[in-house]
Amino acid sequence: MIVIRILLIDRDPTELSGIRWFLQTYFPGDIIVEMCTAISEATESIQQFEPEVILLNIDLIPNNRLTKLYQLLQKYSATIFAITTEPLFKNAMKAIDLQVAHLFVKPIDLEILKHKLATISLHTAQVKKAYTQATDETFYDKLFLDSETSSLDTDMHFTMIEPEHPETLNTLYNWLQQTPIYHHMKIYPLSDSIVCLFQINDMKIVEKDMRTLMKEWRLTNNSSLNIGMYDCAPTTLKNMYALTKRALHQSFYEGFGHIFHANRQLATQPFDPLLTPEEQQLLIKSLEDGNLEEIKAFLYRLAKEGIYYEQDDLRIHLTSVLAQIRRFMLKYKLHEKAAIEQNYRQLFHLIIEHPILYTILNGIISFTQTLMTLAREARMEKKADYVELALEIIEQQFQDSSLTLPFVAYKLGISPNYLSTIFSKKQGLPFKRFLQQIRLQNATKMLVETDFAISEIALLNGFDDPNYFIKIFKQQIGTTPNRYRKT
């Protein structure tokens with residue numbers, strides 16, 4: 001019997017006790033659960049307990065990558081599940097950086113946790129069983145440890161196979177042993193792939209055999225394989241593994257069903273993962289206008305053929321996109337719909353976990369299309385938060401002197417009287433007075449930070465008449481613009 005050690009890390013002992021009880025109820029005798037409620041003791045707990053699975057509250061993990069705990073988690077070979085109170089951007093970055101297997105949002109869905117652990121338990125048992133079948137125990141030492149004598153024989157070719165569905169790894173291992181080409185290759189299972197060493201001199205024959213394997217696997221299992229082939233200069237097994245594994249990372253852009261060569265590594269381009277203010281405005285405007293084609297163009301630019309960016313940067317970028325989508329949901333109260341909120345959280349996990357970029361992009365587009373339809377219905381049923389929508393229009397257009405309450409009401413499709421009533425009730429100020437304050441706030445900032453003339457500042461903040469601007473400024477601020485600038 002294989003027993004899985006699980007370490008729970010959080011400051012809430014009551015919640016951890018509940019999770020432990022749940023796990024011990026559903027996995028009696030199959031797991032050992034330990035708890036750590038002090039983040040300062042987490043490093044020692046991990047080193048002493050040596051868990052196969054860690055479930056930790058990622059909100060407690062410091063952003064400093066130089067801390068001992070952070071470095072330990074990055075190097076640790078256990079499966080890491082993370083918990084967060086809210087799927088915030090900074091926590092998504094930490095989850096990506098620590099390569100967590102799943103990020104749970106409190107309250108934890110215990111059924112999903114049970115399923116994930118069941119998969120881990122089964123997978124661990126399969127891999128351990130497969131390891132005992134390996135004929136060369138020293139192979140793994142050579143694969144992961146530095147050694148000057150760990151290069152392959154000249155008549156051996158190094159390849160790696162990754163199944164489209166990780167849970168089929170053991171099936172793939174057993175299937176390979178039944179194939180006609182098994183007699184001239186050695187196979188070694190890893191946690192997510194299988195190394196195949198071909199005892200053939202000709203690389204073209206190896207590639208031909210690999211393509212045959214791909215076709216046969218698809219016919220018999222209705223899924224795809226990705227294959228990495230080392231075709232560079234002779235080196236150690238560890239270097240071969242690293243370069244071939246890196247070549248397989250191209251599947252993030254290309255999908256499954258391909259052969260990737262180690263000597264054809266992708267050249268990634270620099271990419272700022274954070275959205276610019278202009279990009280944020282473009283997304284919000286496209287969502288408000290129901291312009292799905294604009295959203296598609298914005299997202300598909302990330303998957304242009306021949307242009308590649310680092311995976312982590314792309315995932316961070318897409319969580320920023322999701323943040324703008326979240327704002328849109330809140331405006332129309334779409335987060336109050338249970339199914340939509342669940343889909344949003346699923347999309348969050350898709351962005352940080354799914355191995356294929358195109359699938360992630362299509363998931364975002366599909367979800368966005370649903371939101372646009374629901375927002376349009378909300379406008380028709382007057383369920384939208386019109387004050388929030390009005391505030392956004394003010395924020396974008398307060399410099400326009402023609403901006404008025406009737407204009408904003410027309411844009412929102414409601415009557416001026418209705419907008420005036422709900423705006424004053426929620427903001428505590430009439431629309432005109434609120435707009436005036438926004439303009440004056442920006443004007444005071446420009447008086448301090450720029451050398452623009454008073455008349456120019458007035459025009460840039462929606463006041464056509466500089467004298468009226470001076471009059472209102474003195475009434476509200478208590479002094480003239482010129483004196484305010486000098487103080």
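Which strands does helix α8 (residues 203-221) lie across? In this predicted model, helix α8 lies across β6 (157-163), β8 (194-198), β9 and β10, and its direction is at about 170 degrees to that of β9. Helices (H or I, at least four residues) and strands (E, at least two) are DSSP runs, numbered from the N terminus. Contact means heavy atoms within 4.5 Å; axes are lines fitted to C-alpha atoms, for helices over the stretch in contact, with angles running from 0 to 180 degrees between N-to-C directions.

Residues are numbered from 1 along each chain as its sequence is written. Because the model is predicted, local features need pLDDT of at least 70 and side-chain atom pairs count only at pLDDT 80 or more, while totals for chains, interfaces and linings use all residues; side-chain values use heavy atoms, with hydrogens and water left out.

The strands named above belong to an open sheet of 5 strands, ordered β7-β8-β6-β9-β10, with mixed pairing (two strands pair if DSSP finds at least two bridges between them). Its edge strands are β7 (185-189) and β10 (259-261), each of which pairs on one side only. On average, neighbouring strands in this sheet are turned by 20 degrees against each other, direction ignored. Helix α9 (residues 237-248) also lies across β6, β9 and β10, at about 40 degrees to β6.

With β6 it pairs in the antiparallel sense over 5 bridges, and Leu-225 of β9 has Pro-163 opposite. With β10, strand β9 runs parallel, joined by 3 bridges; here Gly-228 has Phe-260 as its bridge partner, and Met-229 stands opposite His-261. In a regular strand the side chains alternate between the two faces of the sheet. In β9, Leu-225, Ile-227 and Met-229 point one way, and Asn-226 and Gly-228 point the other. The strand is mostly covered, with 5 of its 5 residues buried (under 20% relative accessible area; exposed is over 50% and partly exposed lies in between, using a 1.4 Å probe and protein chains only).

Another open sheet has 5 strands in the order β2-β1-β3-β4-β5, and its pairing is parallel. β2 (31-36) and β5 (102-105) stand at the edges with a single partner strand each, so one side of each has no neighbour in the sheet. Strand β1 (residues 4-9) is joined to β2 by 6 bridges in parallel, with Ile-9 opposite Cys-36. Helix α2 (residues 42-49) lies across β1, β2 and β3 (53-57), at about 175 degrees to β1.
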